[in-house]
Amino acid sequence: MTDEQPRRFHLQRTTDITGVSGTGRVADGVLWADGTVSIRWRGDRPSTVFWDSLADAEAVHGHGGHTRIVWDDPAADDPIAVLRAIEDAPRYELVPGCPHCPDGHTPPDHGQPWGAFIGPARDSDGQPTQIIVARVAGAHVAESDADWIRARLNTQL
């Protein structure tokens with residue numbers, strides 16, 4: 001598996017025999033090109049665990065078939081599955097007017113997730129005075145994104 005791309009999956013649990021993780025989608029994972037696995041647990045106490053193989057992770061977390069691995073990415077060597085994944089991918093109406101996206105800008109409520117960070121500005125007591133909202137992974141933003149954020153921040157609940 002050394003020449004392949006990482007492949008995403010999640011753990012879907014039907015019965016929580018330990019009473020810790022709950023049921024449904026309980027964790028997200030990545031099968032890395034070298035065969036190792038990373039799993040990030042969801043819930044009130046999230047954590048990340050690493051395994052030498054998918055078989056090792058499944059032996060511990062599978063709970064005798066109560067938790068199964070669901071592939072979020074198709075296998076690269078299965079062209080039919082790859083085509084189905086492309087066809088099934090969500091389609092978003094693009095927002096026109098971004099000079100950097102000639103075909104349209106990904107809407108602010110879809111695509112790359114947003115992050116919020118404490119800015120460097122401080123008041124006289126040294127407390128932060130800024131929250132910076134940004135797309136993760138360095139994706140650019142358009143004025144339409146700023147309008148979308150402003151509308152949500154200034155809405156009375």
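Is phenylalanine 9 buried or exposed? In this predicted model, phenylalanine 9 has a relative accessibility of 1%. Buried means under 20%, so phenylalanine 9 counts as buried.

Now look at its ring. A search of the whole structure turns up one aromatic pair. The partners are phenylalanine 9 and tryptophan 71, with ring centres 5.5 Å apart. Their planes meet at 70°, so the pair is edge-to-face; the cut-off for that class is over 60 degrees. Phenylalanine 9 belongs to strand E1, which covers residues 7–13. Tryptophan 71 belongs to strand E5, residues 67–71. The pair therefore ties together parts that are 62 residues apart in sequence.

Arginine 13 has 3% relative accessibility and so counts as buried. Its side chain makes a polar contact with the side chain of threonine 67.

Finally, turn to the surface. Ile118, Ile131 and Val133 form a nonpolar patch there. Together they have about 290 Å² of accessible area. One of them, isoleucine 131, lies in strand E7, residues 131–135. Isoleucine 131 has a relative accessible area of 63%. Exposed means over 50%, so isoleucine 131 is exposed.

Key. Residues numbered from 1 in each chain as written. Predicted model: local features only at pLDDT ≥ 70, side-chain atom pairs only at ≥ 80, totals over all residues. Heavy atoms only, no water. Phe/Tyr/Trp six-rings, centres within 6.5 Å; stacked < 30°, edge-to-face > 60°. Helix = DSSP H or I, 4+ residues; strand = E, 2+ residues; numbered from the N terminus. Buried < 20%, exposed > 50% of the residue type's maximum accessible area, 1.4 Å probe, protein only. Patch = residues over 30% accessible without salt bridge, like charges linked within 9 Å, V, L, I, M, F, W, Y side chains within 5 Å. Areas by Shrake-Rupley, 256 points an atom, 1.4 Å probe, with all protein chains shown as cover. Salt bridge = Lys/Arg side-chain N within 4 Å of Asp/Glu carboxyl O. Polar contact = N/O pair within 3.5 Å; in protein donor to acceptor, adjacent residues only side chain to side chain.
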